[in-house]
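Have a look at the model, then read on.

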Amino acid sequence: MSAPQRELIDDCVHCGFCLPHCPTYQNWGEEMDSPRGRIDLMRGLRTGKIEMTPTVAAHFDRCLGCMACVTACPSGVRYDILIEETRAFVEQKYSRGLLDRLHRSMIFQLFPYPRRLRAMVAFLLLYVWTGLRWLVRHSGLLRLLPPRFRQL
């Protein structure tokens, strides 16, 4: 990890003011899914005390990037810079499976593009209005899909 990131990690005093502002911490209630917990993970990766594992990568992947923690932090921790650099580090060091790569590719090819999202909405409305959604749900076809795609 870069030298600027080391200094930014050390700015966190673990006060916890970020916790009520973090949606992933609010949903899961797990320390490692809070900015403070992720900073601890960053520190552990930097010092070599922890290794990049699927669990560690998942905690970074769960961050929505909303940056509500940045404005709530009285110490001025630049979590935005930290999470960006760490996500790049995760992509370098963590080998994702095929389904995970496909899922992430689909998200990155759809959500940043408003026109594509509008087209998707049109297809989803058609899916609901024609009764196809009811048919798919009641036919058991969804059970054939991996859980992550089933949720979509």
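This is a predicted model: local features need pLDDT of at least 70, side-chain atom pairs count only at pLDDT 80 or more; totals for chains, interfaces and linings use all residues.

Start with the lining of the largest cavity: its residues split into 13 nonpolar, 3 polar and 1 charged. Here Ala, Val, Leu, Ile, Met, Phe, Trp, Tyr, Cys and Pro count as nonpolar, Asp, Glu, Lys and Arg as charged, and the others, Gly among them, as polar. Residues are numbered from 1 along each chain as its sequence is written, and side-chain values use heavy atoms, leaving out hydrogens and water.

On a 1 Å grid over the protein atoms alone, a cavity is a set of points where a 1.4 Å probe fits but cannot get out; a pocket is an open set with protein on both sides within 12 Å along at least five of seven lines, and lining residues have an atom within 4 Å of a point. Grid points are joined across faces, edges and corners, and a volume is the space filled by probe spheres set on the points.

How many cavities of 30 Å³ or more does that rule give? The count is 2. The largest cavity holds about 140 Å³. It is lined by 17 residues, and those closest to its centre are Cys12, Cys18, Cys69, Cys73 and Val77. Both α3 (35–47) and α5 (68–72) bring at least two residues to this lining, with α3 giving the most, at 3 residues.

The second largest cavity comes in at about 90 Å³. Of its 14 lining residues, Cys22, Pro23, Cys63, Cys66 and Cys69 sit closest to the centre. Two or more lining residues come from each of α2 (23–28), α3 and α5. By class, this lining has 10 nonpolar, 3 polar and 1 charged residues.

**Open space**

The largest pocket has a volume of about 690 Å³. Among its 23 lining residues, the closest to the centre are Asp61, Arg62, Asp100, Arg104 and Arg148. At least two lining residues come from each of α2, α4 (54–61), α6 (79–93), α7 (98–110) and α10 (147–151).

The second largest pocket takes up about 470 Å³. Its lining counts 17 residues, with Leu124, Tyr127, Phe149, Gln151 and Leu152 closest to the centre. Here α7, α8 (114–129), α9 (132–139) and α10 each supply at least two residues, and α8 gives the most, with 5 residues.

The pocket linings by class:

**The chain around it**

The chain has 10 helices and 0 strands, with helices (H or I, at least four residues) and strands (E, at least two) taken as DSSP runs numbered from the N terminus. Its radius of gyration is 19 Å, while a compact globule of 152 residues would be near 15 Å; the radius is taken over C-alpha atoms, and the globule rule is 2.2 Å times the number of residues to the power 0.38. The C-alpha trace spans about 55 × 30 × 30 Å along its principal axes.

Of the 152 residues, 29% count as buried, meaning under 20% relative accessible area with a 1.4 Å probe and protein chains only.

Technical notes. Buried means under 20% relative accessible area, exposed over 50%, partly exposed in between (1.4 Å probe, protein chains only).
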